Amino acid sequence: MSRVYNFSAGPAVLPEEVLKEAAAEMLDYNGTGMSVMEMSHRSKAYQEIIDAAEQDLRDLMNIPDNYKVLFLQGGASTQFAMIPMNLMKNGVADYIVTGQWAKKAYQEAQKFGKANKIASSEDKTFSYIPDCSDLPISEDADYVYICENNTIYGTKYKTLPNTKGKTLVADVSSCFLSEPVDVTKYGVIYGGVQKNIGPAGVVIVIIREDLIPDEPLEGVPTMLQYKTHADNGSMYNTPPAYGIYICGKVFKWLKKMGGLEEMQKRNIEKAKILYDFLDESELFKGTVVKEDRSLMNVPFVTGDTDLDAKFVKEAKEAGFENLKGHRTVGGMRASIYNAMPIEGVKKLVEFMRKFEAENK
C-alpha cells in the first residue's frame, strides 16, 4: 500500500522520515530495550526526550527565558477554560470571534467572568478577519483572545490586533510552526499539536511567567492551574509521553529543514499553487477574501453540493484523502500543513484541472 496524499485538517499528515524513525525505534529506543510507549516518564531516558523537545521548540521559536513551555493534555478545548480560570483576575476578557473555535472559547469564558465579544466575522460566515486596528478594548480586560488561524474557514490574521496594551492570548493550533513568530507579542500562545506538529493528545502552552498566578483563583482544580505544570516541568502527572516524543522528532525535522523561515517560504509557495488555480478556475472557487487567506487551510466549493460530493469521492479514489469540508460548512478543504510535500499540492491541482474539464 503506497501512502496517500492526506489533506486532513487534524489529526494530519506527519513527515515521513519522522514516522520511519519512530518505526525503527518502536521496539527499542536508543538501546533501552523498550519503546518510548512503555518507558517510565520518571526515567532518565524520558527526561532527556522532553528536555530536548522543549529546547528545540525554544530554538525554533526564539522563546524568551521568561516564558514557560508546557506540554499538556486535553486539547485546545480544555484551554478554553484554563485561560479564564488562570488569567481572569479582574473577571473580564475581550474576545474576537472569527470562527467556530474562537466562538467556543468565548462561550466557555462566560462561565468564569465577563467575556466581551468586541469583534466578529460571523455576519459573513467567518470568511474574513475584521479590522482590529482600533477595537473597543475593555479598560479592565485581563486579556484579549484570538484564534489566529481558523481551520474550518481558512482565514488567518496577517496583522495581530491592537490590544491597546492588554495581554494577547492566541490559539495557534493550525498555524503552529508554519512561519516565524515574535513570541513577545503574546502573553499566551498555545495550540493542539495534531494539525501541524504531532499526534493528537498534546497541547503546547507557551505562557509568560508573570501571567501564571502564584495563588490560584478560587476553586480552580489543581490540574487546571498553570502553576502546577510550570512548577513540575509538565510532569505533575504522567504526560502524553509518546506524543511529546513524536513532537520532539518533528522539531528536529523542522530544524534540519532550515527552521521557520524556510517553512514559511515553502508554505507560501505551496499555497500559491492552489490559490492561483482557484482564482483562475471556472468551476472551483475559494471562499475566503484574498487578503485573509490561510496558508494552512484552503476551503473551496463548486457551488453545487452534488458536484462537491462527486469531487470528494473521485479525489479519494485517486489517492487524495480527507478533502471533505468541515460538517458545518460543507464544500471542500485542503489542509496543507508543513508536512504536506509540494508534490501533493501540485498533484491535487492537476486532478482538479482534470475534474473541471470533465464536469464543466
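Helices here are DSSP runs of H or I with at least four residues, numbered from the N terminus, and just after one of them, H6, glycine 258 takes a positive phi of about 115°. The model is predicted.

Helix H6 covers residues 241–257, and because 17 residues at 1.5 Å a residue should span 24 Å, the 25 Å between its end C-alpha atoms agrees with that expectation. The helix is mostly covered, with 13 of its 17 residues buried. In the largest nonpolar core, which has 58 residues, Met61, Leu177, Ile204, Ile206 and Phe251 are those with the most contacts inside it; the largest share of this core, ten residues, comes from H6. Apart from it lies another core, of 30 residues, whose members include Leu87, Tyr95, Tyr145 and Leu211.

Two residues illustrate the surroundings beyond four places in sequence.

| Residue | Residues in contact (heavy atoms within 4.5 Å) |
|---|---|
| Isoleucine 204 | Leu57, Val69, Leu70, Phe71, Phe176, Ile189, Tyr190, Gly191, Val193 and Phe251 |
| Serine 178 | Asn196, Leu260, Met263, Gln264, Asn267, Met296 and Asn338 |

Phe251, one of the contacts of isoleucine 204, is also among the residues with the most contacts inside the largest core.

Serine 178 is placed in the loop between strand E8 (168–171) and strand E9 (188–192). Its relative accessibility is 3%, and serine 178 therefore counts as buried, the cut-off being under 20%. Glutamine 264, which serine 178 touches, is 86 residues away from serine 178 in sequence, yet the two C-alpha atoms are 5.7 Å apart in space.

Note on methods. Residues are numbered from 1 along each chain as its sequence is written. This is a predicted model: local features need pLDDT of at least 70, side-chain atom pairs count only at pLDDT 80 or more; totals for chains, interfaces and linings use all residues. Side-chain values use heavy atoms; hydrogens and water are left out. Helices (H or I, at least four residues) and strands (E, at least two) are DSSP runs, numbered from the N terminus. The expected span of a helix is 1.5 Å times one less than its number of residues. Buried means under 20% relative accessible area, exposed over 50%, partly exposed in between (1.4 Å probe, protein chains only). A nonpolar core is a set of buried Ala, Val, Leu, Ile, Met, Phe, Trp, Tyr and Cys residues joined through side-chain atoms within 4.5 Å.
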